[in-house]
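Hi everyone, thanks for making the time. I'd like to walk you through one model today, and please stop me whenever you want to look at something on screen.

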Amino acid sequence: PIKAVAEARTVVGKITEPTGRTDKGLIDTQPPRGTRDFFPEDMRLRNWLFGEFAAVSTAFGFEQFDAPVLESEELFVRKAGEEITDQLYNFEDKGQRRVALRPELTPSLARLVLQRGRTLPLPAKWFAIGQCWRYERMTRGRRREHYQWNMDIVGVAGVEAEAELLAAIVTFFERVGLSKDDVGVKVSSRKVLQSVLTQYGVPPESFARVCIIVDKLDKLPRDKVEEELRVLGVPPATIDGVLSALSIRSLEELSRLLGPDSEAVADLTRLFQLAEGYGYKDWLVFDPSVVRGLAYYTGIVFEGFDREGKLRAICGGGRYDRLLGAFGGDNAPMAGFGFGDAVIVELLKEKGKLPAPPHRVDDVVVPLDTALRPAASGIASRLRRAGRSVDLVLENKKMKWAFKHAEKLNASRLVLVGASEWERGKVVVKDLAKFHQEEVPVEDLI
Ligand SMILES: Nc1ccc(Br)nc1
């Protein structure tokens with residue numbers, strides 16, 4: 001079959017038949033547009049990365065949750081002009097239900113919190129690693145799915161929650177070999193923008209939309225952003241006021257602009273003080289131009305970035321105290337972040353820090369003749385029960401082949417089941433690292 005696939009690709013290249021098959025009757029072996037296959041070598045990298053995500057979440061005492069990739073569309077319908085909802089992967093199912101592949105995990109988290117209601121002990125510290133989707137015109141050739149790690153804290157109103165979440169992000173970066181010279185985290189608060197807009201008399205109901213437009217400043221030219229703000233009804237003087245506030249680069253300056261009683265200044269000052277305590281203050285950069293592109297943030301917002309500025313945001317998050325209310329529930333303070341599986345891999349590749357976990361087994365077990373296959377199967381079971389990973393050779397092979405096979409599998413030992421040893425209740429165990437072998441009684445074999 002491999003040959004056929006190769007032929008199909010070379011001869012035909014693409015699907016020619018209306019049946020979706022090549023002229024040789026081969027199905028299209030590529031995954032759907034914008035999606036990825038994970039071959040074993042890809043899966044080993046993915047398992048390593050998700051293992052690091054989960055290890056950090058566990059180190060912080062978080063519990064894992066998950067929810068369906070398929071959700072009711074209404075969970076994601078927000079009228080703030082976000083890219084994430086513009087690109088919703090939504091459709092009508094066979095029961096005429098409006099459904100969507102989740103573009104993010106936070107609304108599902110909110111749904112689960114509401115489902116538990118008052119029975120949910122607070123604070124709740126939950127994490128998830130889940131596939132998220134968008135439907136983007138393939139003209140841009142971008143992916144339509146990625147996996148995202150989320151950590152969220154429900155029930156903590158103070159910036160202690162954000163400080164803990166930032167500590168988790170820094171812990172992850174350190175675990176995978178990145179330092180504060182490689183990456184940083186830009187931190188701000190939406191209360192900065194809220195204060196400025198209030199000073200200029202912009203109605204609160206425009207706040208989310210203004211944030212979504214301002215978030216485009218690092219993607220669109222300034223005049224385009226100003227145009228979108230004007231269309232939204234934000235007067236030019238206000239736009240200038242907003243944009244000049246975003247160019248502030250110190251909390252002292254911010255305090256002069258917003259006044260000594262500003263909540264934004266108090267939150268950020270406290271957050272940097274806590275960061276000092278954790279020891280990651282040098283990883284943080286106060287940057288009021290960070291607003292993030294999700295409508296529901298209400299306070300501190302942050303995003304991980306590569307200091308060389310070559311890549312898109314590595315991760316992002318913030319406080320969102322009004323999401324449960326938006327779903328008709330009672331509000332509870334919430335803060336969290338999302339960390340995708342794409343940019344971090346690009347960054348680790350750039351830094352030469354991307355691991356390539358090899359496939360390996362502990363033992364290769366080989367019967368040296370057909371009559372000993374049941375015995376060899378028994379040996380493999382015994383070793384597996386002892387916790388070893390065992391590749392049992394399933395065809396009749398010679399010793400030479402067995403050695404090569406064990407080497408390919410990076411095996412630690414080659415266990416040979418031969419007639420003469422078996423008669424004496426033994427097998428031959430070759431230690432492939434120490435080039436030494438011994439006859440081991442079956443009852444002593446582990
Ligand atoms: N929200 C979202 C979903 C899928 C991808 Br790829 N990127 C962003």
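Let me start with one term: pLDDT is the predictor's confidence in each residue, on a scale from 0 to 100. What you see is a predicted model, and its protein chain averages a pLDDT of 94, with 96% of the residues scoring at least 70. There is one stretch to treat with care: over residues 4–12 the pLDDT is below 50, and beyond near neighbours in sequence this stretch has 13 contacts in the model. As for the overall scores, ipTM is 0.99 and pTM is 0.93.

Let's turn to the aromatic rings. The structure holds 20 aromatic pairs. Take F53 and W149: their ring centres are 4.6 Å apart and their planes sit at 15 degrees, so this pair is stacked. Are they buried or exposed? F53 is buried, with a relative accessible area of 0%, and W149 is buried with a value of 0% as well.

Now a pair with another geometry. The rings of Y89 and Y135 have centres 5.2 Å apart and planes at 85 degrees, so we call them edge-to-face. This pair also links distant parts of the chain: Y89 is in strand β3, residues 89–92, while Y135 is in the loop between β5 and β6, and 46 residues separate them. Y89 counts as partly exposed at 23% relative accessibility, and Y135 counts as partly exposed at 33%.

Back to F53 and W149 for a moment, as both belong to one aromatic cluster whose other members are F38, F50, Y147, F172, F173, W283, F337 and F339. Elsewhere, the charged end of K186 sits over the ring of F305, at 4.9 Å from the ring centre.

Next, helix α6, which covers residues 190–199. Which of its residues are buried? They are R190, K191, V192, L193, V196 and L197. The elements covering them include strands β7 and β9, along with helices α7, α9, α10 and α11. At the N-terminal end, S189 caps the helix, with a side-chain oxygen 3.0 Å from the backbone nitrogen of K191. After α6 comes G201, whose phi is positive, near 75 degrees.

On to charges. Side chains of opposite charge can pair when their charged atoms come close. How many salt bridges does a search of the whole structure find? It finds 36. In one of them, the side chains of E145 and R36 meet at 2.7 Å, N to O. E145 lies in strand β6 and R36 in the loop between α1 and α2, so the pair ties together parts that are 109 residues apart in sequence. E145 counts as buried, at 2% relative accessibility, whereas R36 is partly exposed, with a relative accessible area of 25%.

Another one joins R319 and E162, whose closest N and O atoms are 2.6 Å apart. Here R319 is in strand β10, residues 315–319, and E162 is in helix α5, residues 160–175, which puts them 157 residues apart. R319 is buried, with a relative accessible area of 5%, and E162 counts as buried at 1%. There is also a network: D182, E308, K310, E350 and K351 are joined by salt bridges that share partners.

I've kept one site for last. R78 and E82 form a salt bridge at 2.8 Å, N to O, and both residues are buried. R78 also has a polar contact with E104, side chain to side chain, at 3.0 Å. Where is E104? E104 lies in the loop between β4 and α4, and at 4% relative accessibility E104 counts as buried. A second polar contact, at 2.4 Å, joins the side chains of E104 and Y296. Leaving aside neighbours within four places in sequence, the contacts of E104 are F76, R78, I84, C132, Q148, L294 and Y296.

That's my tour, and I'm happy to take questions.

Note on methods
Residues numbered from 1 in each chain as written. Predicted model: local features only at pLDDT ≥ 70, side-chain atom pairs only at ≥ 80, totals over all residues. Heavy atoms only, no water. Phe/Tyr/Trp six-rings, centres within 6.5 Å; stacked < 30°, edge-to-face > 60°. Buried < 20%, exposed > 50% of the residue type's maximum accessible area, 1.4 Å probe, protein only. Helix = DSSP H or I, 4+ residues; strand = E, 2+ residues; numbered from the N terminus. Lys NZ or Arg CZ within 6 Å of the ring centre and 35° of its normal. Contact = heavy atoms within 4.5 Å. Polar contact = N/O pair within 3.5 Å; in protein donor to acceptor, adjacent residues only side chain to side chain. Salt bridge = Lys/Arg side-chain N within 4 Å of Asp/Glu carboxyl O.
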